[in-house]
Amino acid sequence: MSPKSPLTVIPPDIVAVSDYEAYARERLSDMAWAYLQAGAGDEHTVRRNLEAFSEILLKGRVLGSAAGGHTRLSLFGHVYEHPIFLAPVAYQKLFHSDGERATALGAAVTQTLMVLSTLSTVTLEEVAQAETAPPLWFQLYLQADRSVSLDLIHRAQREGYRALVITVDAAMAGVRNREQRAGFRLPPHLSAVNLPSQSPVPTAAPGQSRVFDGLMKTAPGWDDIEWVLSEARLPVILKGIMAPEDADHACRMGVHGLIVSNHGGRVLDTLPAAIEALPTVAAVVAGRVPILLDGGIRRGSDVFKALALGASAVLVGRPYVQALAAAGPLGVAHAIRTLREELEVVMALSGTPTLDRIRAEHLSL
Ligand SMILES: Cc1cc2nc3c(=O)[nH]c(=O)nc-3n(C[C@H](O)[C@H](O)[C@H](O)COP(=O)(O)O)c2cc1C
Ligand SMILES: CCCCCCC(=O)C(=O)O
């Protein structure tokens, strides 16, 4: 049976972002579904990202006035209408025929910051030059050849991207058994169009380790971050920080922001949930740079909890892609709006009319 086409109206039974999951499943091939949902290994961390949020309880405060409240925030010199951003997700034409163009439209109409992946299926220029473009950051996978990375940095700067997000937790792809079982392969008509060509995977000689003598030969290190900082004219944010030691190192090196993330549980299984790692990272960073968080955000209350524990904003991954697959730009916009309204409800019922008022004291810790 061929997959259904995207919805053109949002049905009344989609009231929470998780309701998109079933609609997306009906519209995606088994391979695309496996790629979207997969986590590393046994997917313990994927589940933990979700469960950890439900274990944190809100406090709730009564009789406070929230009139005149808002969800605006300022980051790296720009004002954003709300703190729910779109995480970089590769190969979006797997999920919708217009790929990142469709996501960008949904983001634009909801004034949502979108982080475009290096591995997008629409060029970074086309996304930025669309008539209706959202605020954009560019996610950089450092390439083995520095001249290729530099070209991406220059292109992102030229096109008005406001920050560079360097993903540092995926020196190699995780062992994703769900993808392997589904025989996932990128269809031949799709490619990472920002890159000159798919760079060959480093190989190891017979008898050598595929990891230590192969993949790790071209993996980025701290010296590459120093190099990016010396070359880029944009704020540099590291995505994939879980250890306070790495957070401290990054701050001392001069990075401008951090994203606490375990890559949605897709790279290293049995890492803690991102929300569990946030407090220790926030403690060591001690306000030196803004911290964002992703992994497991499915409700406005999750956004609130992340902000209460030290994040300035959050990013969502799978939920907006499921909405994209289910209903294109309309779905993306509706999913973000749903999360934002849920956040506003929690803020109003917690006595926190603005984001800067949200603190750990608003949780039952
Ligand atoms: C299908 C898929 C592709 C992804 N591609 C990228 C990518 O290209 N670059 C990146 O830094 N993170 C990538 N991520 C990770 C997300 O940016 C984000 O960290 C994660 O999805 C957050 O968890 P959540 O899906 O529970 O919201 C991808 C995630 C998914 C689900
Ligand atoms: C070497 C890492 C490849 C990751 C590809 C895209 C991504 O981040 C993801 O699927 O997750």
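At roughly what angle do the axes of helix α10 (residues 244-253) and α11 cross? Select both helices to begin the tour. Their axes come within 9 Å and cross at roughly 30°. Here an axis is a line fitted to C-alpha atoms, for helices over the stretch in contact, and angles run from 0 to 180 degrees between N-to-C directions. Helices (H or I, at least four residues) and strands (E, at least two) are DSSP runs, numbered from the N terminus.

The model is predicted: local features need pLDDT of at least 70, side-chain atom pairs count only at pLDDT 80 or more, and totals for chains, interfaces and linings use all residues. Residues are numbered from 1 along each chain as its sequence is written, while chains are lettered from A and ligands numbered from 1 in the order in which they are written.

**First stop: α10 and α11**

Two residues are in contact if their C-beta atoms, placed from the backbone, lie within 7 Å. The contact of α10 with α11 comprises six nonpolar residues, one polar and one charged. Ala, Val, Leu, Ile, Met, Phe, Trp, Tyr, Cys and Pro count as nonpolar, Asp, Glu, Lys and Arg as charged, and the others, Gly among them, as polar.

**Second stop: the annotated residues**

Next, select Tyr35, Tyr141, Thr167, Arg176, His263 and Arg266, which an unreviewed UniProt entry annotates as "binding site". Such annotations may be inferred rather than shown by experiment; their positions follow the numbering used here, and feature names are shortened.

Centre the view on His263, where the unreviewed UniProt entry also places the feature "active site". His263 lies in the loop between β8 (257-260) and α11 (274-285). Is His263 buried or exposed? His263 is buried, because 25 other C-beta atoms lie within 10 Å. The cut-offs are 20 or more other C-beta atoms within 10 Å for buried, 12 or fewer for exposed, and partly exposed in between, with C-beta atoms placed from the backbone. Leaving aside neighbours within four places in sequence, His263 is in contact with Asp169, Ala170 and Gly240.

Move to Arg176, in the loop between β6 (164-167) and α7 (177-182). Arg176 counts as buried, with 21 C-beta neighbours inside 10 Å. Not counting residues up to four places away in sequence, Arg176 touches Ala38, Ala40 and Arg266; Arg266 also carries the "binding site" annotation.

Then select Tyr35 in helix α2 (residues 30-37). With 23 C-beta neighbours inside 10 Å, Tyr35 is buried. Beyond four places in sequence, Tyr35 contacts Leu94, Glu179 and Phe184.

Finally, select helix α12 (residues 300-308) and helix α13 (residues 318-349), whose axes come within 7 Å and cross at roughly 60°. The angle therefore makes α12 oblique to α13 (under 35 degrees counts as roughly parallel, over 145 as roughly antiparallel, 65 to 115 as roughly perpendicular and the rest as oblique). This crossing of α12 and α13 is right-handed. Nine of the nine residues of α12 are buried, and the buried residues pack against α3 (44-55), β3 (84-86), α11, β9 (291-294), β10 (313-316) and α13. After α12 comes Gly310, with a positive phi near 120°.

Terms used. A crossing is left-handed if the near helix is turned anticlockwise from the far one by less than a right angle, and right-handed if clockwise.
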